[in-house]
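This briefing goes through a few residues, their surroundings and their side-chain contacts, and it is meant to be read alongside the sequence and the structure.

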Amino acid sequence: LKGIMTMLLELIKDAKGGDEYCFFSADVESMNKEIQDFFRKYDPIRKEKGLRTKGLAPLRLKEYFEGRTKRHSIKMRYTVQPLPPNMSIFRNKIALFSWGDKPIGYLIHSEQLANKHRNFFNLIWERCR
């Protein structure tokens, strides 16, 4: 978990107020308490940096986000359509991670991939009104 936090801090280390941060939520109901506890530490950091945070999550996980969205200015939309889980997109970087007994993550620096994933995110975002 320490490595995942380090990766996510690296993702936004050069953030400026008003930058957009997009994410596809975790889709692991059995571990959701631990995941939400983890993000209770990360959400205030994004808010402190002034990021405009938008997230997409499966509809069945809506209850897990209700408190977080109000406290940390996160805009959420929900869908029943399948989503790629555990992905954050910020500027020219994508963070991919997996929860489980041994969480693992990858930070990809690629403007081309970040733009493709951001466009996909925005397409789903618009459909989930």
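This is a predicted model: local features need pLDDT of at least 70, side-chain atom pairs count only at pLDDT 80 or more; totals for chains, interfaces and linings use all residues.

Asn115 counts as partly exposed, because its relative accessibility of 32% falls between the 20% limit for buried and the 50% limit for exposed residues.

Asn115 and its surroundings
- Asn115 has its place in helix H4, which covers residues 111-127.
- The side chain of Asn115 is joined to the side chain of Arg118 by a polar contact of 2.8 Å.
- Although Asn115 and Lys93 are separated by 22 residues in sequence, their C-alpha atoms are 9.1 Å apart in space.

- Asp43 belongs to helix H2, which is made up of residues 32-48.
- With a relative accessible area of 1%, Asp43 is buried, because the term applies to values under 20%.
- The side chain of Asp43 takes part in a polar contact of 2.6 Å with the side chain of Arg46.

Cysteines
- Cys22 is buried, since its relative accessibility is 1%.
- Cys128 also counts as buried, with a relative accessibility of 13%, a value that is to be read against the limit of under 20%.
- The count of disulfides comes to zero, where a disulfide would require a pair of cysteine sulfur atoms within 2.5 Å.

Technical notes:
Residues are numbered from 1 along each chain as its sequence is written. Side-chain values use heavy atoms; hydrogens and water are left out. Helices (H or I, at least four residues) and strands (E, at least two) are DSSP runs, numbered from the N terminus. Buried means under 20% relative accessible area, exposed over 50%, partly exposed in between (1.4 Å probe, protein chains only). A polar contact is a pair of N or O atoms within 3.5 Å; within protein, one must be able to donate a hydrogen and the other to accept it, and residues adjacent in sequence count only if both atoms are side-chain atoms.
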